[in-house]
Amino acid sequence: MMNMEQLIKIVKETDSIFFDEQLRADVTKKGDADFVTRADYEISEYLHRRLTETFPDIGFISEEGDTAIDETKDYWILDPIDGTTNFMHGLSFCAVSLGLYSGGDVVAGVIYIPYTEELFWAEKGKGAYLNGKPIRCSKNKHLSDCIGILEFNPYFKNDCRAAMDHALKIYSSCQDIRTFGSAAVELAYIACGQADVFLGRYLKPWDYAAGLCMIKEAGGVMTNLDGEVHIGKLNEHMVASNAAVYEEFCALIKS
Ligand code: IPD
Ligand code: CA
Ligand code: CA
């Protein structure tokens, strides 16, 4: 049985790895603009060990470990550091993002931003919280009143014209546009109502699993551009927003 207090405690134990300067400076290039640090690997290994010893019946998927998802099984879905490029630069928008996928849905999520000490958690049917206080998505009803977030994604620059087209749509229809460099952080900020609409391009399940639970428990909606969620699929464009502007935002992105 999953216990949220226990889970939060385990996630926060990664502080000693996250704040280790030597681990942060030990960088490997995985591809163009795609980096991993020793801290990413060590957080992944640490949480793998702690979660499987504490919850032996639940499988474990991590960006820096086993990544194959069978949608009929139960898993922890971990991004040990979402926003590694920010992390390398010491920019605060980076998070440990952990979702629990069970019975075909993400039923719990923790997004922990160590630099700002913001700990978001959500559990299906129990709501979403930031540092212990309940959070809700914003109430804005029109895109013209919304802050729009676009996560460009640095790994698909061959598709940059489409990315700019998405930026143009969001910039021209919303109050303004932001991009933080971590889908997990951005989803947490949508869930607590600090921003209103989100488009993340080419996301992987570990980028958004925790955020999906957070958004839904905060009264929002999150899907791919067909209005669906396929946790086993890679590289999906995902939208998230409060419930009131979801239709308008999807229509804009698909226009
Ligand atoms: C990336 C970040 C980035 C998003 C990419 C992700 P990483 O995660 O969330 O904002 O645009 O799609 O892969 O590589 O820093 O874990
Ligand atoms: Ca990620
Ligand atoms: Ca990562």
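**Entry 1**

I began with L47, which, leaving aside residues up to four places away in sequence, touches I10, V11, T14, T52, F60, L78 and V96, where contact means heavy atoms within 4.5 Å. This is a predicted model, in which local features need pLDDT of at least 70 and side-chain atom pairs count only at pLDDT 80 or more, while totals for chains, interfaces and linings use all residues; side-chain values use heavy atoms, with hydrogens and water left out. Residues are numbered from 1 along each chain as its sequence is written, and chains are lettered from A and ligands numbered from 1 in the order in which they are written.

I find L47 in helix α4, helices being DSSP runs of H or I with at least four residues and strands runs of E with at least two, numbered from the N terminus. L47 is buried, with a relative accessible area of 0%; buried means under 20%, exposed over 50% and partly exposed in between, with a 1.4 Å probe and protein chains only. I also noted that L47 and W76 are 29 residues apart in sequence and 9.7 Å apart in space, C-alpha to C-alpha.

S44 also lies in helix α4 (residues 38-54), and is buried at a relative accessible area of 4%. The side chains of S44 and S62 are joined by a polar contact of 2.7 Å (a pair of N or O atoms within 3.5 Å; within protein, one must be able to donate a hydrogen and the other to accept it, and residues adjacent in sequence count only if both atoms are side-chain atoms).

**Entry 2: the sheet**

I then traced an open sheet of 7 strands, in the order β3-β4-β5-β6-β7-β8-β9 and with mixed pairing, two strands being paired if DSSP finds at least two bridges between them. β3 (59-62) and β9 (133-134) stand at the edges with a single partner strand each, so one side of each is left without a neighbour in the sheet. β3 runs parallel to β4 (residues 75-82), joined to it by 4 bridges, and I61 has I77 as its bridge partner in β4.

**Entry 3: the ligand**

Which residues are closest to ligand 1? I count 15 residues around it, the closest being D82, G83, E151, N153 and Y155, with near meaning a heavy atom within 4 Å. A polar side-chain atom of N153 lies 2.7 Å from an oxygen atom of ligand 1, and a side-chain N or O atom of D79 is 3.2 Å from an oxygen atom of ligand 1.
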